[in-house]
Amino acid sequence: MAEHNGHNGHHVTSVGLYVGVFVALMVLTAATVIVANFDLGWANDVVALTIAVTKALLVLIFFMHLRHSTRLTVLTAMAGFFWLAILLVLTLNDYFTRGSVSILGK
């Protein structure tokens with residue numbers, strides 16, 4: 001549980017929370033390795049990206065202290081995810097339309 005220290009405005013987070021987040025990251029890392037050994041067809045990338053984004057959010061929220069940051073800092077972090085989403089959409093658009101374009105002369 002986080003507590004507010006009135007003297008300097010910093011939040012004090014318990015060691016137990018950090019250990020819990022660390023354990024969650026280790027479980028998600030193990031899940032990444034396990035899922036990589038199975039052929040899920042089209043869902044391989046979706047599952048891998050979901051696990052990766054979840055791990056990134058845990059690091060951002062707890063270890064980088066976004067939970068107690070200013071709105072501008074949170075907005076900056078969200079902008080990073082927004083640009084990542086744009087890059088993923090553009091990449092997937094290219095990937096999924098590769099076979100639909102006909103090449104002249106073939």
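Mentor: Let's start at I51, which touches L28, A31, T32 and V35, leaving aside residues up to four places away in sequence; touching, or contact, means heavy atoms within 4.5 Å. Before going on, keep in mind that this is a predicted model, where local features need pLDDT of at least 70 and side-chain atom pairs count only at pLDDT 80 or more, while totals for chains, interfaces and linings use all residues. Residues are numbered from 1 along each chain as its sequence is written, and side-chain values use heavy atoms, with hydrogens and water left out.

Buried means under 20% relative accessible area, exposed means over 50%, and partly exposed is in between (1.4 Å probe, protein chains only). In soluble globular proteins, nonpolar side chains tend to be buried together.

Now for the aromatic rings. Rings of Phe, Tyr and Trp (its six-membered ring) pair if their centres lie within 6.5 Å; planes under 30 degrees apart are stacked, over 60 edge-to-face, and the rest tilted. That rule gives three aromatic pairs. One of them is stacked, because the rings of Y18 and F63 have centres 5.6 Å apart and planes at 10 degrees. Y18 sits in helix α1 (residues 15-36) and F63 in helix α2 (residues 43-63), so this pair ties together parts that are 45 residues apart in sequence. Y18 is partly exposed at 24% relative accessible area, and F63 is partly exposed too, at 34%. Another pair, F82 and W83, is edge-to-face, with 5.8 Å from centre to centre and 70 degrees between the planes. F82 is exposed at 51%, and so is W83 at 53%.

Finally, step back to the whole chain. From the N terminus on, its elements run β-β-α-α-α; helices (H or I, at least four residues) and strands (E, at least two) are DSSP runs, numbered from the N terminus. Of the 106 residues, 10% count as buried. Among contacts with a separation of 6 or more, 54% come from residues 24 or more positions apart.
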